[in-house]
Amino acid sequence: MQVVTLGTGSPLPDANRAGPATLVRAGGRDLLFDCGRGVLMRAAAVGTGAVAFDTVFLTHLHSDHVTDFNDVVTTRWAMGMTENPLRVVGPEGTRRFTERTLEMLRDDIGYRLAHHADLQWEPRCDVTEVSDGVARDDGVVRVLAAPTDHAPVRPTVGYRVEADGRSVVVAGDTVPCAGLDRLCAGADVYVQTVVRRSLIEAIPVARLQDVLGYHSSVQDAAATAQRGGVGTLVLTHPVPPPAAGTEAEWVAEAAEGFSGPVVFAHDLWAHEV
Ligand SMILES: [Zn+2]
Ligand SMILES: [Zn+2]
């Protein structure tokens, strides 16, 4: 199994960080978690893409995590040589979001259908809404979902991928909570979106202060990792975007609360699990 942080950014545009998206490659499948800004550019860098994804899992419907979902839908459809419905798994609301996305794409779908004689089907998404329990199990790879806490955004979920006796947790945006602890118990890798409390508290902008209440801080992520006894803690989606040369500070802050290895992810960081 391999985990690749395709995009490690946040809502704040960053020249070097695409929007949040994590790829887990297991049992010959490419599982995509969230579809942030530029996801297919980053996927292309590791030789995969919309046509190849086994399933797209959404942690929640915040714009930074789904902004390029429409690109995945369109590209899979327009580049596919056969009808190839996109399997989508996400929290309640994902079906409605998918229907609205297809509606948004209606004009483009019409242009391409009218132009390409060999393209005779519309894009299709097979959506499964999940809250707690098995989100996908094909006998080779099993994905579990559990509720997370990103209130007032509700509902939200995190995921745990299991294959070959190994496991990777992709948490999404959440504060520490019981569902997250269940996912993390004994996991080999735990990928957590984080904010750095001390830096945000020093910036007197109300809208930025708001993010403190519904994200894991670096210390929160470390504490969750320590409680779960995870193998490696991966920090992603850093808010605020780190100044060049300060990456080690984030790792050091996490290391105060977690005794295992800590990684401060960059785009296309890849790790064999
Ligand atoms: Zn986010
Ligand atoms: Zn969010």
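This is a predicted model: local features need pLDDT of at least 70, side-chain atom pairs count only at pLDDT 80 or more; totals for chains, interfaces and linings use all residues.
## Overall build

Let's start with the whole protein. It contains ten helices and 15 strands. Its radius of gyration is 18 Å, close to the 19 Å that the globule rule gives for 273 residues, so the protein is as compact as a globular protein of that length.

Of the 273 residues, 46% count as buried. Among contacts with a separation of 6 or more, 64% are between residues 24 or more positions apart.

## A seven-stranded sheet

Next comes an open sheet of seven strands with mixed pairing, and its order is S6-S5-S4-S3-S2-S1-S15. The edges are held by strand S6 (125-129) and strand S15 (269-272); each has a single partner strand, so one side of each is left without a neighbour in the sheet. On average, neighbouring strands here are turned by 20 degrees against each other, direction ignored.

For a closer look, take strands S1 (residues 2-7) and S2 (residues 21-26), which run antiparallel and are joined by five bridges. Thr-5 stands opposite Thr-22 in S2. Helix H4 (residues 94-104) packs on the sheet, where it touches strands S5 (86-90) and S6. The direction of H4 makes about 155 degrees with that of S6.

## The nonpolar core

The largest nonpolar core has 69 residues. Those that touch the most other members are Phe-57, Tyr-159, Val-169, Tyr-190, Leu-233 and Leu-235. Strand S11 (residues 189-195) gives the largest share of this core, with five residues.

Setting aside neighbours within four places in sequence, Phe-57 is in contact with Leu-31, Leu-32, Phe-33, Val-89, Gly-90, Ala-135, Val-143 and Tyr-159.

## A look at Leu-144

Finally, you can find Leu-144 in strand S8 (residues 142-147). Is this residue buried or exposed? Leu-144 is buried, because 21 other C-beta atoms lie within 10 Å, and a residue counts as buried at 20 or more.

Beyond neighbours within four places in sequence, the contacts of Leu-144 are Gly-133, Val-134, Ala-135, Tyr-159, Arg-160 and Leu-183. Leu-208, by contrast, is 64 residues apart from Leu-144 along the chain, and the C-alpha atoms of the two are separated by 32 Å.

How values were computed
Residues are numbered from 1 along each chain as its sequence is written. Chains are lettered from A and ligands numbered from 1 in the order in which they are written. Two strands pair if DSSP finds at least two bridges between them. Helices (H or I, at least four residues) and strands (E, at least two) are DSSP runs, numbered from the N terminus. Axes are lines fitted to C-alpha atoms, for helices over the stretch in contact, and angles run from 0 to 180 degrees between N-to-C directions. Two residues are in contact if their C-beta atoms, placed from the backbone, lie within 7 Å. A nonpolar core is a set of buried Ala, Val, Leu, Ile, Met, Phe, Trp, Tyr and Cys residues joined through C-beta atoms within 7 Å. A residue is buried if 20 or more other C-beta atoms lie within 10 Å of its own, exposed if 12 or fewer, and partly exposed in between; C-beta atoms are placed from the backbone. The radius of gyration is taken over C-alpha atoms; the globule rule is 2.2 Å times the number of residues to the power 0.38.
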